[in-house]
Amino acid sequence: YARSGALRTRLEDRIRRSAYDLVFVLSSSMIQYVLDLNASIPVVMDFAGVDSEWWLAQAARIAYPATRFFNAEASRLRLAEAAMARRAAWCVTDSSPADAIVRSLAPGGKTAIIPSGVDLELFTGPTRESKTRTVVLRASSLGSEPDLHEAEQFCRNVVPRIRARIPETRVVLASSDSIPGGRAGRLLGAEVIAPVTDPRQFFHSQAVAIGLVGSGGDLRRRILEPMAAGIPVIAGTKAIERLGIEDKQAICRADGPDDVAQALIQLLEDPIRRIEFGQRGKAYVTTNASWTVMAEKMAGIIERAAQ
């Protein structure tokens, strides 16, 4: 899909005609155009989550014989990623697990972790007032089996405990993509809204967000965006570790249905606790995870590589 003879010719012509101080590679699919580049030109490679890992994850979820295709693509990409990791002056990833993979491909290479960050300006402003206590669980796609399974387990094991204590609680499951017919029926006790283009409609003074996902999913949407909006967030240990959040006062940690239900009830019933977690979460994102902070880190790496 990414292979283009015309693009290769155009890039080679540009390199031949102009003097470049640095080349920035934005994805693994573009590595093929850079490996033959003059060694005197430094390269910064943005691996993000390491694309080959995505293909391996798909292979694990798909039945034979389709899994052979995904494994083959993962192997091809991993070979290119290894070559690029050795060639690059700096390698950038979006998480500690991805950083560990790149380090294994090129021991001793220079790496940096720069998550995608949050558009802080989008969520700036006073928190909207509401009288309805609301639990918000966002999913990358409730059309995917992993996200759907997680949401289904939440509805089955957590929602009844909340409703037993606070019957009027609104539970919203928001998906970025439309849900195939019939799947929403598995999410009993919740209001399913999809597709969602603007999550701010759920972020208000009585809202609490859930980020339960372990090692996958879009944690920026699930966790960092509600934090940026000043909404308290409950998340599992794996999600918190993946994001590298070390401030225990910025996010409420809970693992397992019992702990999650208890944490939700405490936040829904205690407005002061809700406000405190929301304010600390927003301060954390402002200092550590905004686009401005990430852009400054990336600019610093590019400047050092170019020198």
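Predicted model: local features only at pLDDT ≥ 70, side-chain atom pairs only at ≥ 80, totals over all residues.
I take contact to mean heavy atoms within 4.5 Å. I number residues from 1 along each chain as its sequence is written, and side-chain values use heavy atoms, with hydrogens and water left out.

Entry: whole protein. I looked up contacts with a separation of 6 or more and found that 64% of them join residues 24 or more positions apart. The C-alpha atoms occupy a box of roughly 70 × 45 × 30 Å along the principal axes. I noted that 44% of the 307 residues are buried (under 20% relative accessible area, 1.4 Å probe, protein chains only).

Entry: secondary structure. I recorded 11 helices and 10 strands, taken as DSSP runs numbered from the N terminus (helices H or I, at least four residues; strands E, at least two).

Entry: I traced an open sheet of 6 strands in the order 7-6-5-8-9-10, with parallel pairing; strands pair if DSSP finds at least two bridges between them. Strand 7 (191-193) and strand 10 (252-253) are its edges, each pairing on one side only. Strand 6 (residues 170-175) runs parallel to strand 7 and is joined to it by 3 bridges. Within this pair I found Leu173 opposite Val192 of strand 7.

Entry: I followed helix 7 (residues 219-228) across strand 5 (134-139), strand 8 (207-211) and strand 9 (233-235). Its angle to strand 5 is about 135°, on a scale from 0 to 180 degrees between N-to-C directions, with axes fitted to C-alpha atoms, for helices over the stretch in contact.

Technical notes: Buried < 20%, exposed > 50% of the residue type's maximum accessible area, 1.4 Å probe, protein only.
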